There are 2 protein chains.
Amino acid sequence: MTTIGIPPGANIGGRDTYRHGDLSRALVEAGVELARAGGPAAVALRAATRRAGVSPNAAYRHFADRRALLEAVCSASQGRVAEAIEAEQALVADATDPVAAARLRFRAVGTGYLHFALAEPGLFQTAFTASTDLESATSGSRAGTSGRTPFQLLTDALDRLVTVGALPAERRAEAEFLAWSAVHGLAMLLITGPLRALGPEQAEGLIRRVVDMVEQGL
Amino acid sequence: MTTIGIPPGANIGGRDTYRHGDLSRALVEAGVELARAGGPAAVALRAATRRAGVSPNAAYRHFADRRALLEAVCSASQGRVAEAIEAEQALVADATDPVAAARLRFRAVGTGYLHFALAEPGLFQTAFTASTDLESATSGSRAGTSGRTPFQLLTDALDRLVTVGALPAERRAEAEFLAWSAVHGLAMLLITGPLRALGPEQAEGLIRRVVDMVEQGL
DNA sequence: AAGACAATGTGTACAACGTCTACATTAGCG
DNA sequence: CGCTAATGTAGACGTTGTACACATTGTCTT
């Protein structure tokens, strides 16, 4: 029993070398797939290693425990959120009036965030359910293609509002948390909360109203 | 081998009758304790039955599966939230001006909600992380001592704002979701999100600012 | 009063999970 | 060429949810 080692020429899990080569990456990608389908609770060490074609304990060479893998998947998911926001901002990039441009850019942060939440609820929950602190909210591993995290994209948009004169400087402090609260709360209500049965057009209406509220209430 | 039956005079798990008597209640209470300490993920069937001094499968006579028990614990937790809101409203009940009273009553919904979230993060998450729909958000099992759920307390306060003239009727529609979004989002940021390391006084400042934003942005 | 039935609790079993310890393999460096 | 560290595997243990069969008992009917 216990096939000693690997019979030459055999392959384990679709791979022909003892080493995997890029297991860390593969585990995170598998974790992202699991999170997409079932949210953070579905990110299991054994399931991820199974997908990577590797024995369960191999994961422990790259992650201290399940929590660490979940952290990595969380970072990757936040990167996707950042990309969604950047895509939404790219749609409104061609505004001539700088004040209007700053406003649209700011609104795009919220709408991009919420559109991603609706399109990829599992990933979205994984991105923000797993506990994060303020330092890691600005770490490079959570950035999109522009190299900025969702949180940084928000602060950037707020700073620009101030620069352009659309937001009084005395109201700038902590404004990111006010805006984030409203948008994140709506996302939760729409995904897992009492509004999860809403149709897309009604959801879109609520999204606009919440962003309106933030713009007006800041 | 299976001790056949119960030797007369023996007692299993601190109880001397074969029947438990009020197991359903006991399981929910045990679940609430688990949720308080560890959030929704900690609400385990086996742990709850263990606390109730009963075999694991006994739970299945009262709940279809773990999800069902979690639903019950969720309802109980929402009841606690409702009580917290009612307590906060009781603090401001003595306002003479009806407009000011309606405003304070409305604000108390948000501050009570957020104070509960800070005081009992595990229960709070359990109350609102477990998926709920709109019908169950108004079911009696989730009510506080006044017989109203947190959601109903919010709609009540908004209705009163309209009655008193503090909120234009044309802005009333869906206002509960806007307010709820902002407050719920801040709760998440404060409990599991990037703001969870904030001190109490700073958290209190943010709470006031978010409620200000809602009052102004509705 | 006696016996049937439904409600309730127990025991056993299985698969999946996280994680510990020991061992096997291999890349890279002297 | 051989040593060492990095990487992967095997086996085991305790936890979880849950299915199935069985035991006990309150209650209702006759």
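**Figure 1. A salt bridge across the two chains.** A salt bridge is a side-chain nitrogen of Lys or Arg within 4 Å of a carboxyl oxygen of Asp or Glu. In this predicted model, Glu174(B) forms one with Arg209(A). Their closest N and O atoms are 3.7 Å apart. Two salt bridges are counted between chain B and chain A. Side chains of opposite charge can pair when their charged atoms come close.

**Figure 2. The interface between chain B and chain A.** How many residues of chain B are in contact with chain A? The count is 31 residues of chain B, in contact with 31 residues of chain A. Together the two chains bury about 3000 Å² between them. Carbon and sulfur atoms carry 63% of that area. Four residue pairs are in polar contact between the chains, with both residues at pLDDT 80 or more. On the chain B side, the elements that give two or more residues are helix H7 (175-191) and helix H8 (200-217). H7(B) gives the largest share, 10 residues. By type, the chain B side divides into 16 nonpolar, 10 polar and five charged residues.

**Figure 3. Two copies, one rotation.** A rotation of 180 degrees superposes chain B on chain A. The shift along the axis is 0.0 Å, and the RMSD is 0.1 Å. That is the relation of a two-fold axis. The same surface serves both copies: 100% of the contact residues of chain B recur in chain A.

Figure 4. Glu176(B) is found in helix H7 of chain B. Is Glu176(B) buried or exposed? Buried means under 20% relative accessible area. Glu176(B) has 11% relative accessibility, so it counts as buried. Its side chain makes a polar contact with the side chain of Arg172(B), at 2.5 Å. Beyond its neighbours within four places in sequence, Glu176(B) is in contact with Phe151(B), Leu154(B), Thr155(B) and Leu158(B).

**Figure 5. Helix H5 of chain B, mostly covered.** H5(B) spans residues 121-129, and seven of its nine residues are buried. Among them are Leu123(B), Phe124(B) and Phe128(B). Gly122(B), Gln125(B), Thr126(B) and Ala127(B) are buried too. What covers the buried residues of H5(B)? The cover includes helix H1 (23-38), helix H3 (66-91) and helix H4 (98-119) of chain B. Helix H6 (150-164) and H7 of chain B are also part of the cover.

**Figure 6. Salt bridges within chain B.** Over all chains, the count comes to 20 salt bridges. Arg36(B) forms one with Glu120(B), the closest N and O atoms being 2.7 Å apart. Arg36(B) sits in helix H1, and Glu120(B) in the loop between H4 and H5 of chain B. The two are 84 residues apart. Arg36(B) counts as partly exposed, at 30% relative accessibility. Glu215(B) and Arg107(B) meet in a salt bridge as well, at 2.6 Å from N to O. Glu215(B) lies in helix H8 and Arg107(B) in helix H4 of chain B, so the pair ties together parts that are 108 residues apart in sequence. Glu215(B) is partly exposed at 28%, whereas Arg107(B) is buried at 18%.

Figure 7. Glu215(A) forms a salt bridge with Arg107(A), with closest N and O atoms 2.5 Å apart. Glu215(A) is in helix H8 and Arg107(A) in helix H4 of chain A, 108 residues apart. Glu215(A) is partly exposed, with a relative accessible area of 27%. Arg107(A) counts as buried at 19%. Salt bridges that share partners join Arg103(A), Arg107(A), Asp212(A) and Glu215(A) into one network.

Methods. Residues numbered from 1 in each chain as written. Chains lettered and ligands numbered in written order. Predicted model: local features only at pLDDT ≥ 70, side-chain atom pairs only at ≥ 80, totals over all residues. Heavy atoms only, no water. Contact = heavy atoms within 4.5 Å. Buried area = accessible area lost by both parts, 1.4 Å probe. Polar contact = N/O pair within 3.5 Å; in protein donor to acceptor, adjacent residues only side chain to side chain. Helix = DSSP H or I, 4+ residues; strand = E, 2+ residues; numbered from the N terminus. Nonpolar A, V, L, I, M, F, W, Y, C, P; charged D, E, K, R; others polar. Least-squares fit on C-alpha atoms with pLDDT ≥ 70 in both. Buried < 20%, exposed > 50% of the residue type's maximum accessible area, 1.4 Å probe, protein only.
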